[in-house]
Amino acid sequence: MTTTIEQTTEIRKQQVDKGAHGLYLARKAISRGLIYLLLLLGSALYLFPFLWMIQTSLKDLSQVYIWPPVWFPKPLQWINYPEAWEILPWATFYLNTVKLAAIRIVGTVFSCTIAAYGFARLRFPGRDFLFLVLLSTMMLPGQVTMIPLYIWFTKLGWVNTLKPLTIPSFLGSAFFIFLLRQFFMTIPHELDDAAKIDGCGFIRIFASVILPLAVPAIGVVTIFTFTGSWNDFMGPLIYLSGIENYTIAIGLQWFNQSIGAHMPRLMAMGVVALLPQILLFFFTQKRMIQGVTLTGMKQ
Amino acid sequence: MAAKSQLAPSRSRRYLSQKTGEAIWGYVTIAPWLIGVLLLTIFPMAYSIYLSFFDADFLGTMEFIGLDNYKRLLFEDTTWPIALRNTAFYAFVSVPIGLVLSLLVAVLLNQKVRGLALFRTIFYLPSVVQGVAVAVLWRWLFHPWYGPINGLIQFLGLGAGPDWFGSQDWAMPAIIIMSQWGIGGSMIIFLAGLQDVPQSLYDASSIDGAGTMGRFWHITIPMMTPTLFFSLIMGIIGSWQMFTQSYVMTGGGPNNATLTAVLLLYQRAFQGFHFGLASAMAWILFIIILIFTLLILKSSAAWVYYEGDIRK
């Protein structure tokens, strides 16, 4: 496709005199160079915070509060990691965070996949109206429902358990239903019709036609639920009061408030907190990009 | 659908029962969501309005005070307007800058560059890792004496950098700068949008003698407006709810300079246990977000270009 534009321009340029052509090539080279320069500069800026974090986590405390900074700490103070790990029950925090994410993934995938199937594929009275309701709840800031829910969950005795953070995920999430519905709409109806002619009911169609094709989209929902849960701060902050239930985010904030001055240890635990997300990102980048694109492109 | 109804008369009984069956399954599939929307959204919304007319606290004492909470917030409270002003500043500065930056990166990446996947990864990664760890990290990056940001400012010969989070004027700009680290999501959306712009449009304009800038303003930008519109709405809604950064980095300080609407709401609700007042705050916030969303929506007719019909 590039060639068409370049060929036409090229032909036009060749028709003009040689000098103009040289000028054109020079200008093109300069603009290419500028593009790479900007990209490299931007990349350096966007990568730097990670490098600074890792580098600080490997310094001795005496190398932190000095200027100019020690760029390459020697020897690398790996000891910061075990030392920081000992101060708080990080293993418990980790386990809680993983548990929370796992339950939320199961709940979200289950409730959202079937609802999206209903909205995308089945006809029932009031469907379009209900879908409109779903879209408008996406606009609703969570703060409006936060206080009543807190009062009710307290009455149910759910505070300081994972229940207020997990059970709602089994009752659907507007955003993910929307995302999955958008995806289901792209699956050709002929497949459903063929299955119907073969005598499949709606459950069979869902299980054997739609679900296998929806694996990529369900993957996207899984990944987004994971990162959303891992990053979630306000939910655990409101509902979890006992240390035994803390998540990584809450633990890190606590750590920040108590030993904030020991930058190497704080950064070490920051790295530990980010690591699962970064690893997941590298393994699933393609899916994540696909998911972002899917939600962003359609009106 | 039309084809179906034409078939209907010949085998109407089977068709009808199939239709009923389909409807029943329809309701079954959306049942969890429907229950959720009632229990977790609609009832709480109703109860939240109700609460906002009361002086309600954690111990369960409730006294009906009519519109007093709203009156207090709109006319008497001195902190709430500050929180709203800060949040508005954050939203209306960080979102447009973010959109321009992510569009710029997307346009650069769309120039058939080598190493596209690597560049894309680098710009996208930070947006995945939001939260406490990132807030803690940026507080350290902004350290007035030993942080690399002020180091860079000094290195560029711009004098000593500001005392970011210690300064009333610079704390919010610091959070806005930090928020630009997370533009990866919209950058990806824009990149996909750019790749969807038909090459034929560029070819045609090129034959008509349009230059690079002309093509950018008259083809790329108009074709990208639906995507920009979507990102703008989501960005405004999200940024009006900013909380974690202020809570972790500054606690709302110094001197309330980074106090956001949701942070104040959180403090009133879960530290002061003024549930009635905090509910009124939530509704005011909701109405503000709604007004801005509707304004953007209304304005879209003037600047958003839809190619052909809207897809169903």
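In chain B, in which helix is confidence lowest, and in which is confidence highest? The structure is a predicted model, in which local features need pLDDT of at least 70 and side-chain atom pairs count only at pLDDT 80 or more, whereas totals for chains, interfaces and linings use all residues. Residues are numbered from 1 along each chain as its sequence is written, and chains are lettered from A and ligands numbered from 1 in the order in which they are written.

In chain B, confidence (pLDDT, the predictor's confidence in each residue, from 0 to 100) is lowest in helix H1 (residues 2–7), at a mean of 46, and highest in helix H8 (residues 171–179), at 96; helices are DSSP runs of H or I with at least four residues, numbered from the N terminus. Over residues 1–10 of chain B the pLDDT is below 50. Where pLDDT is low, the predicted coordinates should not be read in detail. The mean pLDDT is 88 for chain B and 87 for chain A.

Within the largest nonpolar core, which has 144 residues, Ile177(A) and Leu180(A) touch the most other members. Such a core is a set of buried Ala, Val, Leu, Ile, Met, Phe, Trp, Tyr and Cys residues joined through C-beta atoms within 7 Å, buried meaning that 20 or more other C-beta atoms, placed from the backbone, lie within 10 Å of a residue's own.

Helix H4 (residues 90–121) and helix H8 (residues 174–185) of chain A pack at an angle of about 50°, with their axes 8 Å apart.

How values were computed. A residue is buried if 20 or more other C-beta atoms lie within 10 Å of its own, exposed if 12 or fewer, and partly exposed in between; C-beta atoms are placed from the backbone. Axes are lines fitted to C-alpha atoms, for helices over the stretch in contact, and angles run from 0 to 180 degrees between N-to-C directions. Helices (H or I, at least four residues) and strands (E, at least two) are DSSP runs, numbered from the N terminus. Two residues are in contact if their C-beta atoms, placed from the backbone, lie within 7 Å.
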